[in-house]
Amino acid sequence: MKNRSGNWLSRLGNAGVLPTDDEEARLAKTVLTYSSTLILFLAFFWVITYFLLDRPLSAAIPLTYQIISAISLIYFFRTKEYQVFRFTQLVMMLILPVALQLSLGGFVASSG
């Protein structure tokens with residue numbers, strides 16, 4: 001079982017890597033792929049939590065993140081265009097917390 005999970009993780013991390021990439025580029029692509037995939041799956045819990053708390057607008061924000069992130073990952077894996085992938089992921093990672101804060105009423109209402 002360990003080999004299967006290791007192979008799957010390795011394939012995921014290398015899905016956007018080109019043979020011509022140097023070690024630094026490989027590392028950057030792999031780290032962003034792993035972190036984006038992790039956030040994509042963890043956002044599922046945000047969506048469920050906000051729906052259970054009767055906050056559909058707040059739930060829609062991480063749901064939108066999940067959809068755009070999945071599309072971005074698929075696009076990256078098919079085209080290997082790292083600049084587009086990096087831009088969309090970083091913008092969404094910056095917008096998500098701000099959008100959630102605003103949907104919950106700002107810092108004070110969201111217990112910040």
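**The nonpolar core and its surroundings**

A: The largest nonpolar core consists of ten residues: Ala 43, Val 47, Tyr 50, Ala 59, Ile 61, Tyr 65, Met 92, Leu 96, Leu 100 and Leu 104. Three helices, α2, α3 (56-79) and α4 (82-103), each contribute at least two residues to this core. Apart from it lies another core, of six residues, including Leu 32, Leu 73, Tyr 82 and Phe 85. As a general matter, nonpolar side chains in soluble globular proteins tend to be buried together.

The protein chain has an average pLDDT of 85, and 91% of the residues score at least 70. Among the elements, α3 has the highest mean pLDDT, 93, whereas helix α1 (residues 2-13) has the lowest, 69. Where pLDDT is low, predicted coordinates should not be read in detail.

Beyond its neighbours within four places in sequence, Val 47 is in contact with Ala 59, Pro 62, Leu 63 and Gln 66. Of these partners, Ala 59 is itself a member of the ten-residue core. Tyr 50, another member of that core, is touched by Arg 55, which also touches Ser 103 and Leu 104 when residues up to four places away in sequence are not counted. Leu 104 likewise belongs to the core. Arg 55 is found in the loop between α2 and α3, and with a relative accessibility of 38% this residue counts as partly exposed. The C-alpha atoms of Arg 55 and Gln 66 are separated by 17 Å, the two residues being eleven apart along the chain.

In general, most residues other than glycine have a negative phi. Asp 54, in the loop between α2 and α3, has a positive phi, near 60°. Asp 54 is exposed because its relative accessible area is 64%, against a cut-off of over 50%. In the loop between α3 and α4, Lys 80 also has a positive phi, near 65°. With a relative accessible area of 25%, Lys 80 is partly exposed.

Phe 77, in helix α3, is partly exposed as well, with a relative accessible area of 25%. Residues up to four places away in sequence aside, Phe 77 touches Leu 12, Ala 15, Gly 16 and Thr 33. A distance of 25 Å separates the C-alpha atoms of Phe 77 and Val 47, which are 30 residues apart along the chain.

Nonpolar side chains are also found on the surface. Leu 38, Leu 42, Phe 44, Phe 45, Ile 48 and Leu 52 form a nonpolar patch there, with about 650 Å² of accessible area together. Leu 38 is located in helix α2 (residues 23-52), and this residue is exposed, with a relative accessible area of 51%.

The structure holds one salt bridge. Asp 21 and Lys 29 form it through their side chains, at 2.6 Å from N to O, and both residues are buried. Side chains of opposite charge can pair when their charged atoms come close.

The C-alpha atoms fill a box of roughly 50 × 35 × 25 Å along the principal axes. Of the 112 residues, 31% count as buried. Among contacts between residues at least 6 apart in sequence, 60% join residues at least 24 apart.

Terms used
Residues numbered from 1 in each chain as written. Predicted model: local features only at pLDDT ≥ 70, side-chain atom pairs only at ≥ 80, totals over all residues. Heavy atoms only, no water. Patch = residues over 30% accessible without salt bridge, like charges linked within 9 Å, V, L, I, M, F, W, Y side chains within 5 Å. Areas by Shrake-Rupley, 256 points an atom, 1.4 Å probe, with all protein chains shown as cover. Salt bridge = Lys/Arg side-chain N within 4 Å of Asp/Glu carboxyl O. Helix = DSSP H or I, 4+ residues; strand = E, 2+ residues; numbered from the N terminus. Buried < 20%, exposed > 50% of the residue type's maximum accessible area, 1.4 Å probe, protein only. Core = buried A, V, L, I, M, F, W, Y, C linked by side-chain atoms within 4.5 Å. Contact = heavy atoms within 4.5 Å. pLDDT = per-residue confidence, 0-100.
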